[in-house]
Amino acid sequence: MNTQRRNALKVLSGLCGAAALPRFALAKSGSYPSGPVTVVVPYGAGGSTDVIARLLVNDVSERLGGDFITENKPGAAGNIGTRLVAISPADGKTLLYSTATPFCINPYVYRTLPFDPDHDFAAVSRTAKLPLVLVANAGLGIKTAPEFIEYLRKHQKDCSFSSYGVGTSSHIAGAIFTKKIGAPGVLHVPYKDMTAMSDLAAGRNTFHIDAWSVVGPLVKAGKLVALAVSSSEPLPWAPQLPTIASVVKSDYEVVTWHAVFAPRKTPGDIITLLNREFQKTLDKPAVQKTYAEQGFLTYPPATPEEIDAFVKQDKLRWKGYVEAAGIKPS
C-alpha cells in the first residue's frame, strides 16, 4: 500500500467516532436520499482530492442516513469523471467532487470538452482552498529555496519536474516557477497517476509542486524536502516556509480549490440540503483539525449561487495562469 493510500485511510479513521450512532437514528426526514448516491472524484485514489472527498462525503452520508459512495474515475485531467456526472440524471443520485481543473483550466487547455463547464453543472458546496508546496528530492542535499533556484539555473538541462498531466495545477505551478526563475530548460514530465511521487522520491525527477497532504508524508520520511509555498502569504501550518513569490521576487500565486457539483437541473431543494450538510461537516472541529494537518484552508460559507459566480470569475484567473505557463490548446 503506497504512502498516499495509507495517509488517506488514516485521515478517514479520524472521524470514525461520528459513525457510532446507528445510521437510521441519524436519518433526516424527507425523501432524499432514497437510495445510493455516487460521488465521483475525477482523479486517482490517494491524492489530495480523494482524501478530502472521502472525509467529507462519509460524514455527510452518516448524518443523512444515506449510502453515499465515493468513486474514482480518473483520466484526461479530470474530463472523464466530470463528463460522467454531466450526463447523469439530475436527481441528486450522482455528484461530482472536483478541483478547479475541469471548470477553470481545461477550457483553455483543450480545444473541445466532452461537457460544458458553464452550463452542465449546479454548484453545491465550496469545500477547500488548496495552497501547494514546492518539494525537491532530498538526495540533492538542498535545504533552502534560494539554493534550489540557483541549482536549477545551473543544471536546468539535467533537471525535471513532474505533474499529473498537461494543464493540471501541478503542471501550471511548475511551468510558471521555472519561467520566473529563468530556467526554461527544466523538463516537464507529466504523469497519469500518483507514481509521480514515488519517482520523485527515487530521484527520477527533481521537483514537484503539490498539496501538503500528498507530499507531507514523504517530507516527514526524509525522502523529499519542502522549500516554499505557492500562496501569496505564509501558511499557518508551515510558517517557516517562504512563499515562492518572496523568493523569486515576482508575482506568484497558484492556489486551487475543491467543490461539490451536481448536474445542472438537479432540484433546488436537494442542492440547498447538500449545501447545508456539507457546511455542517466543514464546521466540525475534527474536520478543521484534519484540514490543518493536511494543509488545507477553508472558505467562508457561501450559497450555491455565490459559488457558481465564484467559479465563473475564477476562470479568468486560471486563463492567465495557463497563458503564463505557455500551454497551447490541443
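**Close-ups of a sheet and its helices**

**View 1. Strands β3 and β10, side by side.** Strand β3 (residues 94–99) and strand β10 (residues 256–263) run antiparallel, with four bridges joining them. Look for Leu96, which stands opposite Phe261 in β10. Keep in mind that this is a predicted model.

**View 2. The whole sheet that β3 and β10 belong to.** Zooming out, we get an open sheet of five strands with mixed pairing, and the order reads β2-β1-β3-β10-β4. At the edges sit β2 (67–72) and β4 (121–130), each of which pairs on one side only. Going from one strand to the next, the twist averages 20 degrees.

**View 3. Helix α3 on the sheet.** Helix α3 (residues 48–64) packs on the sheet and touches β1 (36–41), β2, β3, β4 and β10. Its direction makes about 170 degrees with that of β2.

**View 4. Helix α4 on the sheet.** Here helix α4 (residues 79–86) lies across β1, β3, β4 and β10. The angle to check is the one with β3: α4 runs at about 150 degrees to that strand.

**View 5. Helix α3 again, now with α12.** The axes of α3 and helix α12 (residues 285–294) cross at roughly 175 degrees and come within 11 Å. Angles over 145 degrees count as roughly antiparallel, and α3 and α12 are therefore roughly antiparallel to each other. On the α3 side, the contact is made by Ile52, Leu55 and Leu56; on the α12 side, they meet Val287, Thr290 and Tyr291. Sort the residues of this α3–α12 contact by class and you get five nonpolar, one polar and no charged.

**View 6. Helices α7 and α13 crossing.** Helix α7 (residues 169–180) and helix α13 (residues 304–324) have axes that cross at roughly 55 degrees and come within 9 Å. That angle makes α7 oblique to α13. As for handedness, the crossing of α7 past α13 is left-handed.

Methods:
Residues numbered from 1 in each chain as written. Predicted model: local features only at pLDDT ≥ 70, side-chain atom pairs only at ≥ 80, totals over all residues. Heavy atoms only, no water. Axes fitted to C-alpha atoms, helices over the stretch in contact; angles between N-to-C directions. Helix = DSSP H or I, 4+ residues; strand = E, 2+ residues; numbered from the N terminus. Parallel < 35°, antiparallel > 145°, perpendicular 65-115°, else oblique. Left-handed = near helix turned anticlockwise from the far one by under 90°. Pairing = 2+ DSSP bridges. Contact = heavy atoms within 4.5 Å. Nonpolar A, V, L, I, M, F, W, Y, C, P; charged D, E, K, R; others polar.
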